Amino acid sequence: MTERHRSIANVMVLLQRESDGRVLTVRHGPDSSHSPGKLTVIGGHLEKQEFMDAGAARELGEEVGIHVAVEDLEFCQLVHFLAPDGARVIGAAFTAQRWEGEPYNCEHGKHTALVWVDPEHPPDDCHPYTRAVLENFAAGVLYANITAPPQRAGGAA
């Protein structure tokens, strides 16, 4: 019998402005272990005994001070990510068009800026995972397999 595979669960929120369709990203600081200086969508790992929608809402509050009711999150994408180190991550992305509060950087030790990006044309400094998620979102792709390129010296992807 083969060994059962287990994946890390990741949640993301594509907080989208109604006025221009741009999605909020955070720029990781230079000391980030997995994406120094790169833009990523808001999100993180699911916590123990947490459902994906609740985890996505929690991440919004922790990273950018926004409150979104779980019922205002809309599922938009499922991804299976193969990281450069061989780890596999199952990621669920949600969108939100309604929220309470004004986004601000709540994690100064982790992030250096908030940047609104065009999901159809993500900037060159997006993390490869984020780039794929944004491009899939813009194209209406609901499921994708994403493989990150090998990391270069210093851990940058």
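Me: Contact here means heavy atoms within 4.5 Å; in this predicted model, what share of the contacts in the chain with a separation of 6 or more comes from residues 24 or more positions apart?

Reply: Among the contacts with a separation of 6 or more, 65% are made by residues 24 or more positions apart in the chain.

Me: Why does the radius of gyration of the chain agree with that of a compact globule?

Reply: The globule rule is 2.2 Å times the number of residues to the power 0.38, and because this rule gives a value near 15 Å for 157 residues, the 15 Å of the chain agrees with a compact globule. The C-alpha atoms fill a box of roughly 50 × 35 × 30 Å along the principal axes.

Me: What makes strand 1 and strand 3 a pair?

Reply: Two strands pair if DSSP finds at least two bridges between them, and four bridges join strand 1 (residues 8-15) to strand 3 (residues 39-45), so the two count as paired, running antiparallel. In one of these strands, strand 3, G43 is the bridge partner of M12.

Me: Why are strand 6 and strand 7 said to stand at the edges of the sheet?

Reply: The open sheet of seven strands has the order 6-2-3-1-5-4-7, with mixed pairing. Strand 6 (111-117) and strand 7 (143-147) each have a single partner strand, so one side of each is left without a neighbour in the sheet. Neighbouring strands of this sheet are turned by 40° against each other on average, direction ignored.

Me: Which helix packs on the sheet?

Reply: Helix 2 (residues 128-139) does so, touching strands that include strand 1 and strand 4 (74-82), and its direction makes about 140° with that of strand 4.

Note on methods. Residues are numbered from 1 along each chain as its sequence is written. This is a predicted model: local features need pLDDT of at least 70, side-chain atom pairs count only at pLDDT 80 or more; totals for chains, interfaces and linings use all residues. Side-chain values use heavy atoms; hydrogens and water are left out. Axes are lines fitted to C-alpha atoms, for helices over the stretch in contact, and angles run from 0 to 180 degrees between N-to-C directions. Contact means heavy atoms within 4.5 Å.
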